[in-house]
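This report covers charged pairs and nonpolar packing. The structure comes first, then the details.

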Amino acid sequence: MIRKLIFLFVLSISMLSSCRIDNPTYSFRIKVTNADGIAIQNVIVEASVDVPGYREEAYMVDTTGLDGIVEFQYDYEAVFKILGTRGGNPFTHIGCGFIKLEPNQTVESSIVLLPYDPADPGC
């Protein structure tokens, strides 16, 4: 009987010590292509959360590399609006989409950059 109690005690202590709270990471990768699927470099990609009172860090900007890819990392689960632009003011090309982040995974999404039409400025 004592052995069983000691075994249960040791087992419960080992289970409690193995439990820990993880801080998940939320990384995501955006690939920018043209309508033919060819990667486009030097595209400004903005990732933002369109919610009133959002955190300052919920807005990120970077430029795609030679492979047309840009990567970001965030600390919380979120859905980001993605906007890719090229050219000055006004843009010459634009593309957009959304991405939902998953814990401890690198979520990937693609956006297609199309010629910007000032008469139809939205995405």
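## Terms and model

A salt bridge is a side-chain nitrogen of Lys or Arg within 4 Å of a carboxyl oxygen of Asp or Glu. By that rule, Arg29, Glu71 and Glu108 are linked in a network.

The model is predicted: local features need pLDDT of at least 70, side-chain atom pairs count only at pLDDT 80 or more, and totals for chains, interfaces and linings use all residues. Residues are numbered from 1 along each chain as its sequence is written, and side-chain values use heavy atoms, with hydrogens and water left out.

How many salt bridges does the structure hold? There are 4. One of them joins Arg29 to Glu71, with the closest N and O atoms 3.1 Å apart. This pair links distant parts of the chain: Arg29 lies in strand 1 and Glu71 in strand 4, 42 residues apart. Strands here are DSSP runs (E, at least two residues), numbered from the N terminus.

Arg29 also meets Glu108 in a salt bridge, at 2.4 Å from N to O.

Arg29, at 22%, counts as partly exposed. Glu71 is partly exposed too, at 48%. Glu108 is exposed, at 54%.

## The Lys100 pair

Glu102 forms a salt bridge with Lys100. Their closest N and O atoms are 3.5 Å apart. Glu102 is partly exposed at 29%. Lys100 is partly exposed at 41%. In general, side chains of opposite charge can pair when their charged atoms come close.

## The nonpolar core

A nonpolar core is a set of buried Ala, Val, Leu, Ile, Met, Phe, Trp, Tyr and Cys residues joined through side-chain atoms within 4.5 Å. The largest one has 22 residues. Phe28, Ile30, Val45, Phe80, Ile82 and Ile99 touch the most other members. Strands 1 (26-33), 2 (44-48), 4 (69-74), 5 (79-86) and 7 (105-112) each give two or more residues to this core. Strand 1 gives the most, with 4 residues.

What does Ile99 touch? Not counting residues up to four places away in sequence, its contacts (heavy atoms within 4.5 Å) include Phe28, Ile30, Phe80 and Ile82. Arg29 and Glu108 are also among them.

Note on methods
Buried means under 20% relative accessible area, exposed over 50%, partly exposed in between (1.4 Å probe, protein chains only).
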